[in-house]
Structure formats: C-alpha cells, structure tokens
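Me: Please go through this structure with me, and I will ask things as they come up.

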Amino acid sequence: YKVVYSLNTAVFVEPHDDEGGRLAIAVRAGGELLGSIWVIDPGDERREDGLDALDRLAPLAGLHMLHARSAADFTERRNADLMRTLMADGSHASFAAAQLGLGSEYTHGCAVATFTIAHPQPGSVDAIREQQRLRQLVTVTCNLQFHSAYNALIDTVVYAILPCPGESFRAAHRRLIQDIGGSSAISAHPVVATAGGMADGLAGLQRSRTDAG
C-alpha cells in the first residue's frame, strides 16, 4: 500500500505469499488521497494495457467517490443538526422527529445513548476515522436489536435515540451498551457507552441526554 500511495500512476505489485500479482493505483482528487483500485494481474501480454486502463480510470473513480462522499456528508450534517434539535430544543422536537422519520414507537418512550472513544488525540485523522467506524457500528447494532437506527456523530460523540419497547427495555439497552462498549475491533482505545433514562415523550430527551452524559 505504501508503494501504491506514493505513486501517481498504476503499478504492478509482485505476487506475495502464494497470491497472484495485482495491478493497483491510488485514487486522488486535488491531491487528496481517496482510496485505491486493485485488480488481478492479467498476465505479461496484457499487463501494460491493464496499467494504462487504470491510469485512465482513476480520475473518473475519484470524481464518483467525491460525489458519493458529498451526498453522504450532506445527509450526515443534516441528521446531526436534527438530532441536536431533538435532544436540546423541546419546542421543536416534534419537527425534528418528523424530519428524521421517527416512528410512533418513539413518541411514548425513548432514551438517548452516547458512545465515544477515549482517544488521546480526539481531533486527529485516526481518531476521526475511528469515530466514523463507531457510528457505523452503532447503526448496525441498533438495526439488529431494535430494527431501527437514529444516530449521529456530533463533535466526538455518537448519539443514538433508542426506543423503549415493553417492560424489559432497560435490559435491551444494557445489551446494546455492552455489545458496543465491549467492541475492540474499531479502536485500540476503550469505547465508552452509556444510556440515559427513559423520556416519556420527545420533549424529555434533553434530560435523557444529560443522564447519558
């Protein structure tokens, strides 16, 4: 990867550990590294054609990646703004909930959960990447346990709105906290996860957020 990322053109990567060779190129836009493209080496006779094709395709791939990222960034910023409103402004909580698409199961009981990584440099590139992975983990875990996921990364904290179904909702919340807080796959640093008390309605989410810290 270091060799690929250090070059501006496609390169042949020699076979390693009984694996076949690869052709690879770094994908950039305006000098920013966005990722890379890797393909199986087509062999000596077609290798040069493959390298030429990657050189031509990399700028197009970079353009598509930028468009995809811009759309995702807009959605994330919008969701973060709506989540802020939902948790901090009781007078506009119902509007924010409608914009987020919160179902009726949230209007009579919900809670705020918070997740953060105890990273020594929370503003570093590595920390930001880990925070994004944490948000993705929260999304997947909430979908598995509650069949819904309303969360956002705000500053360095992932906030999630949890439903409170039935009398055993606290046990469900604890399982979620334990599953995510015990994860070691996204960071070498501890994940701190907490859940606030139940809010009877959307207007009470500010208190639940305070409980969760």
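Me: Is Cys142 buried or exposed?

Reply: Cys142 has a relative accessibility of 2%, so this residue counts as buried. Buried means under 20% relative accessible area, exposed means over 50%, and partly exposed is in between, with a 1.4 Å probe and protein chains only. Keep in mind that this is a predicted model, in which local features need pLDDT of at least 70 and side-chain atom pairs count only at pLDDT 80 or more, while totals for chains, interfaces and linings use all residues. Residues are numbered from 1 along each chain as its sequence is written, and side-chain values use heavy atoms, with hydrogens and water left out.

Me: How many disulfides are there?

Reply: The count is zero disulfides, where a disulfide is a pair of cysteine sulfur atoms within 2.5 Å. For Cys142 the closest cysteine sulfur is that of Cys164, and at 12 Å it is too far for a bond.

Me: And how far is the sulfur of Cys110 from the closest cysteine sulfur?

Reply: That distance is 6.3 Å, again to Cys164, so it is too far for a bond. Cys110 is buried, with a relative accessibility of 0%.

Me: What does Ser148 touch, leaving out residues up to four places away in sequence?

Reply: With those left out, Ser148 touches Tyr106, Cys142 and Asn143, where contact means heavy atoms within 4.5 Å. Ser148 is in the loop between helix H4 (125-146) and E5, and at 12% relative accessibility Ser148 counts as buried. Helices (H or I, at least four residues) and strands (E, at least two) are DSSP runs, numbered from the N terminus.

Me: Where does His147 lie?

Reply: His147 also lies in the loop between H4 and E5, but His147 counts as exposed, at 70% relative accessibility. The phi of His147 is positive, about 60°, although this residue is not a glycine. Most residues other than glycine have a negative phi. Asp155, in the loop between E5 and E6, likewise is not a glycine and has a positive phi, near 60°. Asp155 is exposed, with a relative accessible area of 62%.

Me: New topic: which residues of the largest nonpolar core touch the most other members?

Reply: Those are Met83, Leu86, Leu102, Ile161, Leu202 and Leu205, in a core of 22 residues. A nonpolar core is a set of buried Ala, Val, Leu, Ile, Met, Phe, Trp, Tyr and Cys residues joined through side-chain atoms within 4.5 Å. At least two residues of this core come from each of helix H2 (47-88), helix H3 (93-100), strand E4 (110-117), strand E5 (150-154) and strand E6 (157-163), and H2 gives the most, with five residues. Apart from this core lies another one, of 18 residues, among them Cys142, Phe146, Leu176 and Ile177.

Me: What does Leu86 touch?

Reply: Not counting residues up to four places away in sequence, Leu86 touches Ala93, Ala96, Ala97, Leu100, Leu102, Ile161, Leu202 and Leu205.

Me: Which residues of H3 are buried?

Reply: The buried residues of H3 are Ala93, Ala96, Ala97 and Leu100. They cover an arc of only 100° around the axis, so they are on the same side of H3; the arc is that of the directions from the helix axis to the C-beta atoms. The exposed residues Ser94 and Ala98 are on the face of H3 turned away from this buried side, and after H3 comes Gly101, with a positive phi near 90°.
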